[in-house]
Amino acid sequence: MTPKTENFEQTMRELETIVARLEAGGLELDESLKLFEKGTSLFARCNRMLDSAQTKLDVLFEEAGQWQSRPVGDALPAFEPPDDAPDDERDEDDR
């Protein structure tokens, strides 16, 4: 038997389905516990996949010499026009 290939999107969809079932209620305790256990496992798997993707990005950009690592999800830095930029690229406050 071939091992199942992990896919982030599929794993997230499965996790979302479990969360929806748990939130809807009406399940017996045993079923709720089984779903919760499966959900925590899927959550951990998603985190591992995201960590792996972050590591790959870090390596690729580091090799290109263009990377400052930051955790996934951090906001992008605000655009700062260079000091010699034309006035139409600056905010009123910068003038």
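Phe43 is found in helix H2, one of the 2 helices in a protein chain with 0 strands. Helices (H or I, at least four residues) and strands (E, at least two) are DSSP runs, numbered from the N terminus. This is a predicted model, in which local features need pLDDT of at least 70 and side-chain atom pairs count only at pLDDT 80 or more, while totals for chains, interfaces and linings use all residues. Residues are numbered from 1 along each chain as its sequence is written, and side-chain values use heavy atoms, with hydrogens and water left out.

**The chain as a whole**

- Of the 95 residues in the protein chain, 14% are buried; here buried means under 20% relative accessible area, exposed over 50%, and partly exposed in between (1.4 Å probe, protein chains only).
- Among contacts in the protein chain with a separation of 6 or more, 38% come from residues 24 or more positions apart, a contact being heavy atoms within 4.5 Å.

**How H1 and H2 pack**

- Two packed helices are described by the angle between their axes and the distance between the axes.
- For H1 and H2, the angle is about 150° and the axes are 9 Å apart. That makes H1 roughly antiparallel to H2.
- For reference, the axes are lines fitted to C-alpha atoms, for helices over the stretch in contact, and angles run from 0 to 180 degrees between N-to-C directions.
- Angles under 35 degrees count as roughly parallel, over 145 as roughly antiparallel, 65 to 115 as roughly perpendicular and the rest as oblique.
- The crossing of H1 and H2 is left-handed, meaning that the near helix is turned anticlockwise from the far one by less than a right angle (clockwise would be right-handed).
- On the H1 side, the residues that meet H2 include Phe8, Met12, Leu15, Ile18 and Leu22; their partners in H2 include Leu35, Phe36, Leu42, Met49 and Leu50.
- By class, the contact of H1 with H2 has 12 nonpolar, 3 polar and 5 charged residues. Ala, Val, Leu, Ile, Met, Phe, Trp, Tyr, Cys and Pro count as nonpolar, Asp, Glu, Lys and Arg as charged, and the others, Gly among them, as polar.

**Salt bridges between the helices**

- Side chains of opposite charge can pair when their charged atoms come close.
- The structure holds 2 salt bridges, each defined by a side-chain nitrogen of Lys or Arg within 4 Å of a carboxyl oxygen of Asp or Glu.
- Glu14 and Lys38 form a salt bridge through their side chains, at 3.7 Å from N to O. Glu14 lies in helix H1 (residues 8–24) and Lys38 in helix H2 (residues 29–64), so this pair ties together parts that are 24 residues apart in sequence.
- Glu14 is partly exposed at 30% relative accessibility, and Lys38 is partly exposed at 35%.
- Arg21 pairs with Glu31 in a salt bridge whose closest N and O atoms are 3.3 Å apart. Because Arg21 lies in helix H1 and Glu31 in helix H2, the pair ties together parts that are 10 residues apart in sequence.
- Arg21 is partly exposed at 38% relative accessibility, and Glu31 is partly exposed with a relative accessible area of 30%.

- Thr11 sits in helix H1 and is buried at 5% relative accessibility. Leaving aside neighbours within four places in sequence, Thr11 is in contact with Leu42, Arg45, Cys46 and Met49.
- Phe43 is exposed, with a relative accessible area of 51%. Between Phe43 and Glu14 there are 9.9 Å in space, C-alpha to C-alpha, and the two are 29 residues apart in sequence.
- Asn7 belongs to the segment before H1 and is partly exposed at 29% relative accessibility. Asn7 and Cys46 are 39 residues apart in sequence, with 8.9 Å between their C-alpha atoms.
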